[in-house]
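Please look at the sequence and the structure below before reading on. The notes that follow are grouped by topic.

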Amino acid sequence: MAMQHFLYSTYSINYQKISPISVKKKQSFLRCASSDTAPTRQEVSLSVGTYLIPHPNKVEKGGEDAFFVSSNNGEVIAVADGVSGWAEKNVDPALFSRELVSNISSLARNAEVNYDPRILIKGAHAATSSIGSATVIVSILENGILKIASVGDCGLRIIRKGQMIFSTFPLEHYFDCPYQLSSEAVTQTYLDAIVSTLDLQIGDTIIMGSDGLFDNAFDQEIVSVVTTNDDVSNAAKALADLARNHSVDTKFDSPYSLEARARGFDVPWWKKFFGMKLTGGKLDDITVIVGKVKIL
């Protein structure tokens with residue numbers, strides 16, 4: 001089957017929205033029957049909606065995040081976040097993340113990948129020639145099994161029956177310095193990726209995104225938005241808007257500000273004397289991908 005893919009382009013309008021897609025998949029299940037009953041397979045579909053809001057200061061170039069959604073025998077989704085520190089060296093941080101995701105797109109159906117997200121990351125990283133670095137997360141859905149590999153602080157959540165049942169966690173050298181794939185000789189690689197495998201069920205919702213989502217929206221807020229928006233495109237937009245609103249709210253006690261205080265970053269002592277503390281969201285590119293597993 002020919003691959004369908006949606007790849008974030010280099011130049012875009014402020015808000016990028018992609019309509020839901022349906023991808024035929026097969027999922028195995030066992031019926032309650034005698035032990036000699038052979039397992040049957042049930043066709044399912046994965047509906048995906050995406051939304052991206054660039055950093056307010058990076059709107060003209062479309063931000064520095066990149067993402068990819070493909071359809072083939074194993075659904076592939078990837079999100080990469082270009083490390084903004086490269087701008088201090090006059091390097092566009094978007095170049096590395098976009099080329100990395102483009103290479104993921106090209107290699108997604110390569111037989112050597114064999115539905116292994118770490119191997120896909122390995123090949124894409126090796127093929128990326130741009131200067132820079134990026135965090136990345138890749139998931140592959142094969143026969144109802146979701147395989148995840150993550151380097152850095154892009155994230156993934158799974159919601160089942162109104163409850164969050166799975167969450168990735170960021171890998172960092174220190175606060176605000178995540179693990180990352182890089183053009184430098186000394187860098188993290190696919191071997192540093194955290195790998196997870198989960199059995200999905202009909203009705204499960206997958207949320208993937210850059211840290212611009214998870215630094216600004218709590219898990220309980222994500223659950224609330226997803227459970228009140230049946231349409232995946234609407235859910236993706238609602239989550240992106242929520243994170244964007246929190247990111248510009250200096251009084252919001254965000255996941256980012258909570259983590260900063262826990263790591264010892266706070267207002268000066270004299271402000272603490274007046275009962276003040278470090279609060280506020282984090283201005284950033286915000287990429288949100290919402291996928292729902294359904295019966296075809």
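Just after helix 6, Gly 264 takes a positive phi of about 95°. This value, like the others here, comes from a predicted model.

**Helix 6**

- Helix 6 covers residues 255-262, and its buried residues are Pro 255, Tyr 256, Ser 257 and Ala 260.
- These buried residues pack against helix 3, which covers residues 211-214.

**Aromatic pairs**

- Three aromatic pairs turn up when the whole structure is searched.
- One of them joins Phe 175 and Tyr 256 in a tilted arrangement, with 5.4 Å centre to centre and 35° between the planes.
- This pair links distant parts of the chain, 81 residues apart: Phe 175 lies in the loop between strand 10 (172-174) and strand 11 (177-178), while Tyr 256 belongs to helix 6.
- Both Phe 175 and Tyr 256 are buried.
- Phe 175 also forms a tilted aromatic pair with Phe 265, at 5.3 Å centre to centre and with 35° between the planes.
- Here, too, distant parts of the chain are linked: Phe 265 is in the loop between helix 6 and helix 7 (269-273), 90 residues apart from Phe 175.
- Together, Phe 175, Tyr 256 and Phe 265 make up one aromatic cluster.

**Charges over rings**

- The ring of Trp 86 has the charged end of Lys 89 over it, 5.0 Å from the ring centre.
- The ring of Phe 214 has the charged end of Arg 157 over it, 4.1 Å from the ring centre.

**The largest nonpolar core**

- Which residues touch the most other members of the largest nonpolar core? They are Val 76, Leu 100, Ile 104, Val 136 and Val 138, out of 23 residues in the core.
- Two or more residues each come from strand 4 (65-71), strand 5 (75-82), helix 1 (93-107), helix 2 (117-127), strand 6 (133-142) and strand 7 (145-151).
- Leaving aside neighbours within four places in sequence, the contacts of Val 138 include Val 76, Ile 77, Ile 104, Leu 120 and Ile 148.
- Lys 147 is also among the residues in contact with Val 138.

Note on methods: Residues are numbered from 1 along each chain as its sequence is written. This is a predicted model: local features need pLDDT of at least 70, side-chain atom pairs count only at pLDDT 80 or more; totals for chains, interfaces and linings use all residues. Side-chain values use heavy atoms; hydrogens and water are left out. Buried means under 20% relative accessible area, exposed over 50%, partly exposed in between (1.4 Å probe, protein chains only). Helices (H or I, at least four residues) and strands (E, at least two) are DSSP runs, numbered from the N terminus. Contact means heavy atoms within 4.5 Å. Rings of Phe, Tyr and Trp (its six-membered ring) pair if their centres lie within 6.5 Å; planes under 30 degrees apart count as stacked, over 60 as edge-to-face and the rest as tilted. A charge sits over a ring if NZ of Lys or CZ of Arg is within 6 Å of the ring centre and within 35 degrees of the ring normal. A nonpolar core is a set of buried Ala, Val, Leu, Ile, Met, Phe, Trp, Tyr and Cys residues joined through side-chain atoms within 4.5 Å.
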